[in-house]
Amino acid sequence: MRVICARRLAALAAALWLAAVPPARAAATAEPGGEAQPSALEASHCPPEAVQPTPEDAAAGMRAAVDSGLLWKATKAGRTVYLYGTIHVAKLSWAYPGPDVMRALLASDVVALELDVTDMGVLERLRKALMRPPGAPELPAALQRRLAAQMAANCVAPDHLDALRPEMQAITVDLMTARQFGLYPEYGIDMVLAGVARSAGKTIRSLETPESQASLLVSDDPAETARSVGDVLDELEEGRSAQMLQRLAGDWQRGDLADMEGYGQWCQCLETPQQRADFAKLIDERNPLMVDKIVQWQAQGKSLFVAVGSLHMTGRLGLPELLKARGFQVERVPFPPGRQGPVHAVGSST
C-alpha cells in the first residue's frame with residue numbers, strides 16, 4: 001500500500017518541531033599521536049546546515065519580504081477570515097511574510113494554525129506521541145539497514161532520530177532530502193507566522209491536536225509500521241521524494257493554485273482506490289473539522305488569520321469552498337505584479 005505522498009503532507013506540519021535536526025557531520029576524531037581525521041559522515045555531498053538569522057538579518061529580511069503563497073479573504077456578518085496556504089519547507093527569504101500577508105495577520109484578532117508551534121505544551125504532547133514507546137519492537141533487520149543507508153546518504157545523524165518511532169525516522173529523512181534544493185523545515189512558514197503573531201500579541205489557536213496529527217503518521221501495529229517505513233524507503237531509493245517537495249514548494253512560492261490542484265495527476269500517489277482513500281483521510285477529511293472551528297470562532301465575534309498547508313486550500317473540499325458553503329463570501333487576494341516571489345527561485349517540474 002503506497003501512501004507516502006499523502007503521509008508526507010501530513011508529516012510536514014508534525015515535522016516542524018523536528019526542524020532543528022542537524023546534518024550528520026560528526027566532529028573530527030584524532031588518532032593517538034596524529035592529527036584529527038574527518039568523520040566518515042563529513043562528506044562533500046552534504047548540503048549546508050540551515051543558518052539561524054541574527055536579529056539584524058531578520059529585520060532586513062522583513063523589510064525585503066515579498067508576498068508568496070496563497071491568500072483568500074472570506075467575509076460574513078461584517079467579520080473577516082483570511083485563509084493563507086503555507087508550505088512547511090522553504091528558503092529563508094520566503095519565510096518572512098510580505099506586505100499583504102502581514103497586513104492580513106495584523107488586522108486579525110486570532111491567528112489559527114494546524115498546531116501552535118509556540119506553545120511548549122503542544123510541542124511536548126506532539127513529541128510524546130511521536131516517540132518510540134518503551135519495549136516497542138524493532139524494525140525488521142533488512143528495513144533497519146535500508147533506513148540506516150538513507151540516513152547516511154542524506155546526511156542525517158542516526159543518534160538525532162533514535163528516540164523517534166520508525167515511521168517518523170523515515171519521514172524525517174524524507175523531508176531532509178529537500179535541503180539539496182535549499183528548502184529547510186527550519187524555515188517553515190508556519191513557524192515564522194507563529195512567531196510574528198506571538199510578538200504582535202495576537203491570540204494563537206490550534207485547529208488540531210498533537211494526538212490527532214500523530215495518529216495520521218504512526219501506528220502501534222508492527223506490520224503497519226513496517227509497511228509505512230518501506231513505502232518511504234522505496235521513494236527515497238527511487239529518488240522521487242525531493243523532486244515532489246521541490247515542485248510543491250515552487251508552486252507555493254509562485255502562488256500556482258492550478259498546479260497544486262492538479263497534484264493528484266502528477267504526484268503518482270493516487271493511482272489506486274486505497275491510495276485515494278488514504279489521501280482523503282489525511283487531507284480532505286480534516287478540512288471540515290478545521291472549518292467547524294473557524295466558523296465557531298468567527299461567530300464569537302473574532303476576525304481570524306488561518307494559516308495551514310496549501311493543499312488544504314485546494315479543490316471542492318478545500319477550506320475556501322467549504323467556507324463558501326457555510327455562507328461566507330470568499331475571494332482570492334491577488335498579489336500585485338512584482339510582489340509575488342520570483343518564478344525562477346524553484347523549478348516547478350520534475
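Student: Which residues have the most contacts inside the largest nonpolar core?

Tutor: This is a predicted model, in which local features need pLDDT of at least 70 and side-chain atom pairs count only at pLDDT 80 or more, while totals for chains, interfaces and linings use all residues. Residues are numbered from 1 along each chain as its sequence is written, and side-chain values use heavy atoms, with hydrogens and water left out. The largest nonpolar core has 94 residues, and those with the most contacts inside it are Val81, Leu83, Tyr84, Tyr263, Phe305, Val306 and Leu323. Helix H7 (residues 166-176) gives the largest share of this core, six residues.

Student: What makes a set of residues a nonpolar core?

Tutor: A nonpolar core is a set of buried Ala, Val, Leu, Ile, Met, Phe, Trp, Tyr and Cys residues joined through side-chain atoms within 4.5 Å. In soluble globular proteins, nonpolar side chains tend to be buried together.

Student: Why is Ile189 called buried?

Tutor: Buried means under 20% relative accessible area, exposed means over 50%, and partly exposed lies in between, using a 1.4 Å probe and protein chains only. Ile189 has 2% relative accessibility, which is under 20%, so Ile189 counts as buried. Ile189 is in helix H8 (residues 189-199), where a helix is a DSSP run (H or I, at least four residues) and a strand is a run of E (at least two), numbered from the N terminus.

Student: Which residues does Ile189 touch, not counting residues up to four places away in sequence?

Tutor: Ile189 touches Tyr84, Thr86, Ile87, Ala90, Trp94, Ala95 and Trp252, where contact means heavy atoms within 4.5 Å.

Student: How do you know that Asp116 and Arg198 meet in a salt bridge?

Tutor: A salt bridge is a side-chain nitrogen of Lys or Arg within 4 Å of a carboxyl oxygen of Asp or Glu. For Asp116 and Arg198 the N to O distance is 3.0 Å, which is within 4 Å, and therefore the pair is a salt bridge. The pair links distant parts of the chain, with Asp116 in the loop between E5 and H5 and Arg198 in helix H8, 82 residues apart.

Student: Why is Asp116 called buried, and why is Arg198 called partly exposed?

Tutor: Asp116 has a relative accessible area of 4%, which is under 20%, so Asp116 is buried. Arg198 has a relative accessible area of 42%, which lies between 20% and 50%, so Arg198 is partly exposed.
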